[in-house]
Amino acid sequence: MNWGFLESVLSGVNKYSTVIGRIWLSVLFIFRILVYVAAAEQVWKDEQKDFVCNTQQPGCENTCFDHFFPISQTRLWALQLIMVSTPSLLVALHVAYREHREAKHGRKMYADKGRIDGGLLCTYIISLIFKTVFEVASLLAFYFLYSGFDVPLLLRCSLNPCPNTVDCYISKATEKKVFLYIMGCTSILCIVLNVVEMVYILSKQCWKCFNKRYVPVGEKVYCHCRPPVSIVNKSALLQPAPNTDPSPGEKQPILS
């Protein structure tokens, strides 16, 4: 499976993500996709061939393998990586839609096309919800399909056409268990990062709305009013000005 295309697409989404979103992408690339490509595919290279039962009855090994592993663990792991990565493309598509609108109208309609506000905010929150749901659903699928994250060395099977209860052995059981634990831990880490990013974005938007609605009182008083007059100057303004004009019977002194 070629993961280069998915990596190139998600790298483009990285510039529209928050700091927590960039951490999530780093965890996805390093601890999940890289581990899957470099090691996990080699461990589960030919799991059905390495599944051995102590019987020569035709069809018994295939029936037991299909019963214990209804879906290949590596294919389910790959499906999980694709599902949790796809919602991030919604953000890139929304930004492309904004760019298309500006090109269509021939004018700048957004201060910053990648800024998380308005419709892009809703798209970003929806993508986080989808990623979290896919992560939880994948963990539950692993747990219920394989009876937990344990990989036993020995399995007992008594299904038809097996003549009796046979012992089946799984190759590299301990190594597979380690990789399943890594997968489970990184999935839980990604769920925590998605929830933290969602809370961060919503709290940031609530703080912006609060600042717009509730302006400090000092800014309201001195915004459009003239400077205040002191009490002394105000009383001086209210007192009548002294009359300096001479009365009719009064003579003006003659200056020599």
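**Helix 4 in the predicted model, residues 73-85**. Because 13 residues at 1.5 Å a residue should span 18 Å, the 18 Å between the end C-alpha atoms of helix 4 agrees with expectation. The model shown here and in the other views is predicted. Buried positions of helix 4 are Q73, T74, L76, W77, A78, Q80, L81, V84 and S85.

**The largest nonpolar core and its most connected members**. This core holds 41 residues, of which F51, C64, F69 and W77 touch the most other members. Two or more residues each come from helix 2 (19-43), helix 3 (60-68), helix 4, helix 6, strand 2 (154-157), strand 3 (166-169) and helix 7 (173-213). The greatest contribution is that of helix 2, with 11 residues. Another core, of 11 residues, lies apart from this one and includes V91, I116, I125 and M198.

**Surroundings of F51**. Not counting residues up to four places away in sequence, F51 touches E61, C64, F65, F68, F69, L155, C168, Y169 and I170.

**The second largest pocket**. Its volume is about 180 Å³. The lining consists of H67, F68, F69, Q73, L145, Y146, S147, D150, V151, P152, L155 and I170. By class, eight of the lining residues are nonpolar, three are polar and one is charged.

**R115 in the loop between helix 5 (88-105) and helix 6 (119-145)**. With a relative accessible area of 41%, R115 is partly exposed. Neighbours within four places in sequence aside, R115 is in contact with R98, L120 and K208. T18 is 97 residues from R115 in sequence, while their C-alpha atoms are 10.0 Å apart in space.

Key: Residues numbered from 1 in each chain as written. Predicted model: local features only at pLDDT ≥ 70, side-chain atom pairs only at ≥ 80, totals over all residues. Heavy atoms only, no water. Helix = DSSP H or I, 4+ residues; strand = E, 2+ residues; numbered from the N terminus. Expected span 1.5 Å × (residues − 1). Buried < 20%, exposed > 50% of the residue type's maximum accessible area, 1.4 Å probe, protein only. Contact = heavy atoms within 4.5 Å. 1 Å grid on protein atoms, 1.4 Å probe; cavity = no way out; pocket = protein on both sides within 12 Å on 5 of 7 lines; lining within 4 Å. Points joined across faces, edges and corners; volume = space filled by probe spheres on them. Nonpolar A, V, L, I, M, F, W, Y, C, P; charged D, E, K, R; others polar. Core = buried A, V, L, I, M, F, W, Y, C linked by side-chain atoms within 4.5 Å.
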